[in-house]
Amino acid sequence: MMTKFINVLCCAAVLLASCKVLPSVVENKYVYIQKEGRVHSKWKLVWEDDFNGSAIDTSKWSKIPAGKSDWDKHMSNHPGCYTQADGKLYLKGIRNPDTLKDHRPFLTGGVYTKGKFAFQYGKIEIRAKLGCAQGSWPAMWMLAEQDKYGKYPKNGEIDIMEHLNFDDIIYQTTHSYYTLNLKQTDKPPHSGKGKLDINEFNTFGLEWYPDKLVFTLNGVEAFRYPRITGVDASQWPYDQPFYVMIDQQLGGSWVGKVQPDQLPVQMVIDWVKVYQ
């Protein structure tokens with residue numbers, strides 16, 4: 001009897017100790033909100049995908065549906081836009097093989113964690129190799145999981161990485177009602193650039209705090225966007241959970257026209273890790 005009592009006490013102690021080191025409060029089983037007072041604590045891994053399976057893990061990701069915007073007008077669930085093999089996810093931009101069934105000239109692949117994983121504050125890193133082609137626009141970004149402030153862009157947008165054509169730089173940007181509607185793009189600067197070796201895998205990251213967004217490239221800070229006082233409150237919609245999006249986009253007013261003979265183009269994702 002005494003042995004059983006001791007075992008119960010030991011288990012309770014282990015559980016209590018485990019609870020103390022958890023970095024997040026988990027809401028609705030998939031929304032990870034970082035606990036307060038962890039700014040100076042060590043990062044702890046809370047979510048990841050290393051793409052070691054033979055197919056996309058649908059408990060973590062959904063394929064992004066088509067829309068009417070520049071970025072999503074070619075999104076598709078066509079199998080030619082997706083491959084998962086050798087521990088990597090391949091998101092592709094291709095010529096449409098059947099324009100009678102689907103009139104769009106191009107099809108693109110993208111995944112997001114909407115409704116399956118979201119987080120508020122922490123660090124995300126994505127290791128990937130970017131493909132190049134005229135009209136290629138791969139992106140890694142985040143949007144708000146909940147509708148806290150209203151329709152886009154009031155809930156904000158965090159662009160961890162965008163790449164255009166054959167550039168040897170990436171863009172890291174914030175968008176919000178403050179930057180887009182009120183045109184406050186310089187107070188503070190809302191976008192930065194990072195130089196990279198386009199022929200290699202690179203790690204694109206974001207460290208997200210209650211008072212700043214720190215964008216990184218290969219573990220080095222490339223740009224930061226601070227929360228500031230004395231301005232319109234819409235400057236900081238980044239106090240709510242966001243979900244993750246990764247997509248190989250094609251064409252649009254920013255990247256320019258697509259050169260069909262340079263397709264297919266692909267973005268190869270090695271892994272995604274989120275810490276809090």
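Let's start at the largest pocket, where β11 contributes the most to the lining, with four residues. Keep in mind as you look around that this is a predicted model. The β11 strand covers 136-144, and along with β12 (157-162) and β18 (242-250) it is among the strands that each supply at least two lining residues. The space inside comes to about 410 Å³. In total 23 residues line this pocket, and those closest to its centre are S69, W71, W141, Y152 and E157. Sorted by class, the lining has 14 nonpolar, six charged and three polar residues.

Now for the second largest pocket, which holds about 170 Å³ of space. Its lining includes K114, the run from L143 to D147, and Y152. Here the classes split into four nonpolar, four polar and four charged residues.

What about the cysteines? There are zero disulfides in the structure. C81 is in none, and the nearest cysteine sulfur, that of C132, is 19 Å away.

Last stop, P189. You'll find this proline in the loop between α2 (177-180) and β14 (191-195). P189 is partly exposed, with 44% relative accessible area. Leaving aside residues up to four places away in sequence, P189 touches F223 and Y225. Q266, by contrast, is 77 residues from P189 in sequence and 31 Å from it in space, C-alpha to C-alpha.

Methods. Residues numbered from 1 in each chain as written. Predicted model: local features only at pLDDT ≥ 70, side-chain atom pairs only at ≥ 80, totals over all residues. Heavy atoms only, no water. Disulfide = S-S within 2.5 Å. Buried < 20%, exposed > 50% of the residue type's maximum accessible area, 1.4 Å probe, protein only. Contact = heavy atoms within 4.5 Å. 1 Å grid on protein atoms, 1.4 Å probe; cavity = no way out; pocket = protein on both sides within 12 Å on 5 of 7 lines; lining within 4 Å. Points joined across faces, edges and corners; volume = space filled by probe spheres on them. Nonpolar A, V, L, I, M, F, W, Y, C, P; charged D, E, K, R; others polar.
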